[in-house]
Structure formats: C-alpha cells, structure tokens
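Visitor: I have a structure to read. Please show me how to go about it.

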Amino acid sequence: MRHRIFGEDGDADLVFVMGWGNRWTHENVSWLIGKLTDAGYRVHAFELPTNIEDFKADWLEPIAEYVVDLESYQLLGHSAGALIAQALDGADNHVYLSPWWGYSEAYPDPLLDVVSKLPTTFPCLPIGEMDRAALGEKATDHQIATTPRWVSPAFVSETRRAQAELLTIDHDAVVFCSLRDPVISLAPIGERVPAEHVVLYDGGHELFSSVSRDHHIDTLLAALENGADAVEEDETSGEEPVPA
C-alpha cells in the first residue's frame, strides 16, 4: 500500500483513504487534495492495492496501525476507502464519499456468489466500463486510461465479506453520494446514516470528478471540521432521503 503526506506544514492531520483505482496523480484526486491542504490540513493519503487476498491484512491493518500514532485526526474515505474507514478508530469526524458498502444492482448477488467461490487470486473478472458517465464528467483521459479493469474472485469474496461485517456508522458521520452512481448500492447508506446527514450531489461515482464539486467543497470541508452539524441545517446541500 502506498502512502504519502501532502501539506506537511498543515495545522491538523487528515487521513484520506482513496478509492479502488484512485491515484494521487489523477488530476481530480489532486484537485481534492489541494483543497484539503489549502484548508490547512496535513493530508495522509493512502493508495489502495487493486488486488487483495485478505481485506484486513491487505487493506485495513496497514492503515489502522498507522493512525494509532496520530494524536487526533479527521477521516475522509472514498468508495472502497470508505469501506476501510468505517473500521478505523480514533477520528474526530468521519466523512464518506460514495461509500462502497455494497455492490450496485449491476452486480446481482447470485452472480457474485458464484464468482466469489472461484479458487483464484488472478484478476480475471471485468468490472465494466469506467468512463465519464460512471465516474463524473470531469474525469480525465489519463484517469480513465489508468483505472484498472479487472478484479479477482478473491477480491470479490473479501470485499463482500467486509461489507457484510460493516460496523455501526459513527452517529456524526456525513455521506456525500449521487443517486446516479453505478458503482455502489445506496441501500446500506440509507440503512446506516440519517437522511439529514446525507448530501446528494449531481454526478457519477466521484464527487471530485463531478461538475457540481465546486458547489459542495465548502460543505465537505465544514463536515470535516464540524461533523454532521455542518450539514443538518445547510439548506443548499440538496439533501433528500436515500432509498433503502
């Protein structure tokens, strides 16, 4: 797992667990990290391995061991990063972007059941098209070209197990998501997070690749600083109930 610190002279620590396939060299990830460092954060960014055999050993434990040494920090997790982040301890505030707490309806359970049982760690399963319609209109050619296209049966098995073992979501957590997201299931969000703590944005899977990102960045920063208090009375955040 790759790790890098941005804004080392920042006033406060922020752990950013990026999504599967995200790289800090991707232009829109860099845009978000820049906003975080401009806000005064020392950003501890983690790039996830795109093929895993064990959720805890390959994804969770390296980050969990790292954050133990932070006196206090804010936590930001995107997609698969939010699946990891919900199991981390010690953060003051939790903000989740398009949390991958369940596979989307595009991947039906019977199909996932079958592929999960295949005894291989080789990435042989196509994930489908990850284009601007899926990611967001601001997704760049470089980002799309460098997004992985395959996962292994072991990856599917381990991520489904982690999703089935989701912990109780912190009561002050804030979720940003899109109703047009083709990657995640919205049901676990609706089941675990109060509707008033959910901010809907117009776009695909990535808020930072959405055309509406500038509209929501101040709310995101406020949520990192103040938790759910930042969005409960925000009339411009566009909250609506998330279907369960």
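Guide: Here we take cysteines, charge and backbone angles in turn.

Guide: This is a predicted model: local features need pLDDT of at least 70, side-chain atom pairs count only at pLDDT 80 or more, and totals for chains, interfaces and linings use all residues. Residues are numbered from 1 along each chain as its sequence is written, and side-chain values use heavy atoms, without hydrogens and water.

Visitor: How many disulfides are there?

Guide: A disulfide is a pair of cysteine sulfur atoms within 2.5 Å. By that rule, the count is zero.

Visitor: Is Cys 177 buried or exposed?

Guide: Buried means under 20% relative accessible area, exposed over 50%, partly exposed in between (1.4 Å probe, protein chains only). Cys 177 is buried, at 0%. Cys 124 is partly exposed, at 32%.

Visitor: Which residues gather in a patch of negative charge?

Guide: Like charges are joined within 9 Å. Asp and Glu count as negative. On this surface, the patch holds Glu 53, Asp 54, Glu 61 and Glu 65. Asp 54 sits in the loop between β3 (41–47) and α2 (55–67). Its relative accessible area is 31%, so Asp 54 is partly exposed.

Visitor: What about phi of Ser 79?

Guide: Most residues other than glycine have a negative phi. Ser 79 has a positive one, near 55°. Ser 79 is in the loop between β4 (73–78) and α3 (80–85). With 6% relative accessible area, Ser 79 is buried.

Visitor: And where does Ser 98 lie?

Guide: Ser 98 is in the loop between β5 (91–97) and α4 (109–116). Its phi is positive, near 45°.

Notes
Patches are made of residues with over 30% relative accessible area and no salt bridge: like charges are joined within 9 Å, nonpolar side chains (Val, Leu, Ile, Met, Phe, Trp, Tyr) within 5 Å. Accessible areas come from the Shrake-Rupley method with a 1.4 Å probe; for residues, only the protein chains shown count as cover. A salt bridge is a side-chain nitrogen of Lys or Arg within 4 Å of a carboxyl oxygen of Asp or Glu. The place of a charge is taken as NZ of Lys, CZ of Arg, CG of Asp or CD of Glu. Helices (H or I, at least four residues) and strands (E, at least two) are DSSP runs, numbered from the N terminus.
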